[in-house]
Amino acid sequence: MLKKLMVVAWLGLIGLSLGCDGEKGDVGPAGPAGPAGAVGPKGDSGVAGKDGISAKELVTGQVESTNGGYTLGKNNLTAADTAMLSKSVVVVFIKAQNLWWAVPGKVDFAVGKSTTFNFITLLRGNQFFIDIRPVSWTDGGDKAPERVFQSIRAVIIPSEKFRRNAEVDWNNYEEVVSTLGLTDKDIIKADL
């Protein structure tokens, strides 16, 4: 028993002595700087005038609705196009009465004749679709009335540009086009 007490006391004394610290000294001066590393290889200069994330517009001319709505799209997209679309935001506008109406939302076609639309997008392989669907209408009845759209424009905005322009009214077509600097070169005709 005495042997066991001696072992416990010895271990306690060792623990106590290791736990004691004296005053710490001042930090010494910094050593001399080492030699400079090798210079890395020069990167690519890129293409002048392009930021690599430009917006596009998928457009139609005048079209008539089918079942009160409309589906537009583009076939044979390149790998670069599908990569861009998978990282983009789509804003849709319908032109009626010579005004641009943001969707989802109400579109007035004539006095007392309006339809509220919503839309979904689908990227399947090398095809891109936008399905504009009627939600409600003023004409009454169980079936959405057929409408004539002067034009449909789907603005495809890279997510980075969308996030960096939070102050933009994305429901105002003219402001969207101006902010993104869209021109005729950015227009893609819908072929579906």
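Mentor: Helices here are DSSP runs of H or I, at least four residues long, numbered from the N terminus. The model is predicted.

Trainee: How many helices and strands does the chain have?

Mentor: The chain holds 192 residues, and buried residues make up 31% of them. Its secondary structure consists of four helices and eleven strands.

Trainee: How many salt bridges does a search of the whole structure find?

Mentor: A pair counts when a side-chain nitrogen of Lys or Arg is within 4 Å of a carboxyl oxygen of Asp or Glu. Glu-57 and Arg-153 qualify, with their closest N and O atoms 3.5 Å apart. The search of the whole structure gives nine.

Trainee: How many residues apart in sequence are the parts that Glu-57 and Arg-153 tie together?

Mentor: Glu-57 is buried, with a relative accessible area of 3%. The salt bridge joins Glu-57 to Arg-153. Glu-57 belongs to strand β1 (residues 56-60) and Arg-153 to strand β10 (residues 151-158), so the pair ties together parts whose separation in sequence is 96 residues.

Trainee: Which residue is linked with Asp-139 and Arg-147 in a network of salt bridges?

Mentor: Asp-139 and Arg-147 meet through their side chains at 2.8 Å, N to O. Asp-139 is partly exposed at 33% relative accessibility, whereas Arg-147 is buried at 6%. The network that links these two also includes Lys-113.

Trainee: Within what arc do the buried residues of α4 fall?

Mentor: In helix α4 (residues 173-180), the buried residues are Tyr-173, Val-176, Val-177 and Leu-180. Seen down the axis of α4, they line one face of the helix, because their arc is within 95 degrees.

Trainee: Which residues are exposed on the other side of α4?

Mentor: The cover over the buried residues of α4 includes β1, β4 (88-96), β5 (99-103), β10 and α3. On the other side of α4, the exposed residues are Glu-174 and Ser-178.

Trainee: Which residue just after α4 takes a positive phi?

Mentor: At the start of α4, a side-chain oxygen of Asn-172 comes to within 3.1 Å of the backbone nitrogen of Glu-174. Just after α4, the phi angle is positive, about 65 degrees, at Gly-181.

Trainee: What separates the C-alpha atoms of Leu-72 and Asp-131?

Mentor: Leu-72 lies in strand β3 (residues 70-74) and is buried at 0% relative accessibility. Not counting residues up to four places away in sequence, Leu-72 touches residues including Leu-58, Phe-128, Ile-152 and Leu-192. Leu-72 and Asp-131 are 59 residues apart along the chain, and their C-alpha atoms are separated by 6.6 Å.

Trainee: What share of the accessible surface belongs to carbon and sulfur atoms?

Mentor: The accessible surface of the chain comes to about 13,000 Å². The part belonging to carbon and sulfur atoms is 56%.

Conventions:
Residues numbered from 1 in each chain as written. Predicted model: local features only at pLDDT ≥ 70, side-chain atom pairs only at ≥ 80, totals over all residues. Heavy atoms only, no water. Helix = DSSP H or I, 4+ residues; strand = E, 2+ residues; numbered from the N terminus. Buried < 20%, exposed > 50% of the residue type's maximum accessible area, 1.4 Å probe, protein only. Arc of directions from axis to C-beta. Contact = heavy atoms within 4.5 Å. Polar contact = N/O pair within 3.5 Å; in protein donor to acceptor, adjacent residues only side chain to side chain. Areas by Shrake-Rupley, 256 points an atom, 1.4 Å probe, with all protein chains shown as cover.
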